[in-house]
Amino acid sequence: MVRMVLPRLSPQRLAPIAMTKGITSRLSLMMFLQFFVWGGWYVTIGNYMTAAGMTSVTHWAYTVGPIAAILSPFFLGLVADRFFPVEKVLGIMHLIGGAALIATPSFEKQPALFILGLGIHMLCYMPTLGLTNSLAFHHIENQEKQFPLIRVFGTIGWIVAGILVSAVLKADATALPLRVAGGAGILLGLFAFFLPHTPPPAAGTVIRIRQIVGLDALAQLRGSSFWIFIVCSFLLCIPLAVYYNFAPIFVHDLGLPAPAFKMSFGQMSEVLFMLSMPWFFRRLGVKWMLAVGAGAWALRYGLFALGAPDGTAAFILGGIVLHGICYDFFFVTGQIYVDRKANPAIRAQAQGFLVLVTYGLGMLIGAQASGLIFNSFLGDAVRLTREQWTQFWTIPAVLGAVILVVFVVAFRDRAVEPESVR
């Protein structure tokens, strides 16, 4: 009989293993709370504002986020990344943002102050999206393998928040989701001070405004296909803003129970398609992944338009479940495309420029444009009729179809395709 002698691990060798597991657990909880805060109120705010008599200004609740997204790179680049430990900035921002969110319902009879409260929260929240990523990347060894496993807890947090406030608390049209999300923000703010110490990543460096917004990267990112991608990404963020703002109101108006819970089906499908992306990527490549994503936006709004007259749940839920393809295939693939297109020295700048164009300018214009269109249908009424909902959803469906055709015809960048589809 052969006897196997296993090496004994000393306490010194066991310590790094235990420390790694401990840090991973804390980072995963950080991501869970980070997106629980956002998902806790973002889907329900339109129905709450409608119930509180603010139907005509719901689009402003979805405008303050893009404004904050435009400003947050300047805060990160000029202040947070240079002078203060990441975990402390994260904690302070969430404490202030959480308190603002809890206080916001106090002003439901004063729409301007109500929107201001949401704006203060988003100005604090948006920079934390970059801070949590920066903190996580600093403390993991293999970003490609470890980060997705940590980041997926963020999507789970969004899903759990939707289930809690909608299916459990049945609070879609109340102020409770704001208070739940604000409380979670304060909890994350306190928890952040117990996260591993993370020094400011750009301490002692000189950073220029052009560098922060990614303009220096544009000098190296040449080619018509790149600009076709940028323009189509910008334009697709207009219907993206329509979805976040008005899909929950639409679901509620058609009488489907627990709207925010129904909307969480989109995040559930997002997890599924995120995990299947490598398989699709090898078979479709960049262009057709992006094309399928763009086409899914047109199909989604077409299903909403078809389901509106009779309140057909299958069409409406089908449109919601398409979120996984809509978001992952276009926006996540777009991030991969930009990463492949840029050399290592300018990748961060290039991704920053993409965020500025999409979640900043695109979502800003989308929120305002969709608000104007919605109000033109609404008139002096309280809610849209089913016929008006059909007309409303037809507009982004047509826009998505036009973007798809333009992209398929004009995008021809073969250099970034995997070998299997070249």
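The structure holds 40 aromatic pairs, a pair being two rings of Phe, Tyr or Trp (its six-membered ring) with centres within 6.5 Å, called stacked if the planes are under 30 degrees apart, edge-to-face if over 60 and tilted for the rest. This is a predicted model, in which local features need pLDDT of at least 70 and side-chain atom pairs count only at pLDDT 80 or more, while totals for chains, interfaces and linings use all residues. Residues are numbered from 1 along each chain as its sequence is written, and side-chain values use heavy atoms, with hydrogens and water left out.

| Pair | Geometry | Centre to centre | Angle between planes |
|---|---|---|---|
| Tyrosine 42 and tyrosine 62 | edge-to-face | 4.8 Å | 65° |
| Phenylalanine 250 and tryptophan 393 | edge-to-face | 5.4 Å | 70° |

Phenylalanine 250 belongs to helix α11 and tryptophan 393 to helix α16 (residues 386–410), so their pair ties together parts 143 residues apart in sequence; helices here are DSSP runs of H or I with at least four residues, numbered from the N terminus.

Arginine 151 places its charged end over the ring of phenylalanine 35, 4.1 Å from the centre. Arginine 300 lies over the face of tyrosine 243, 3.7 Å from the ring centre.

Tyrosine 243 is also among the residues lining the second largest cavity, together with Val43, Trp158, Tyr244, Pro248, Met263 and Gln267. A cavity is a set of points on a 1 Å grid over the protein atoms alone where a 1.4 Å probe fits but cannot get out, and its lining residues have an atom within 4 Å of a point. The second largest cavity has a volume of about 60 Å³, counted as the space filled by probe spheres set on the points, which are joined across faces, edges and corners. Helix α11 gives 3 residues, the largest share of this lining.

Methods
On a 1 Å grid over the protein atoms alone, a cavity is a set of points where a 1.4 Å probe fits but cannot get out, and a pocket is an open set with protein on both sides within 12 Å along at least five of seven lines; lining residues have an atom within 4 Å of a point. Helices (H or I, at least four residues) and strands (E, at least two) are DSSP runs, numbered from the N terminus. A charge sits over a ring if NZ of Lys or CZ of Arg is within 6 Å of the ring centre and within 35 degrees of the ring normal.
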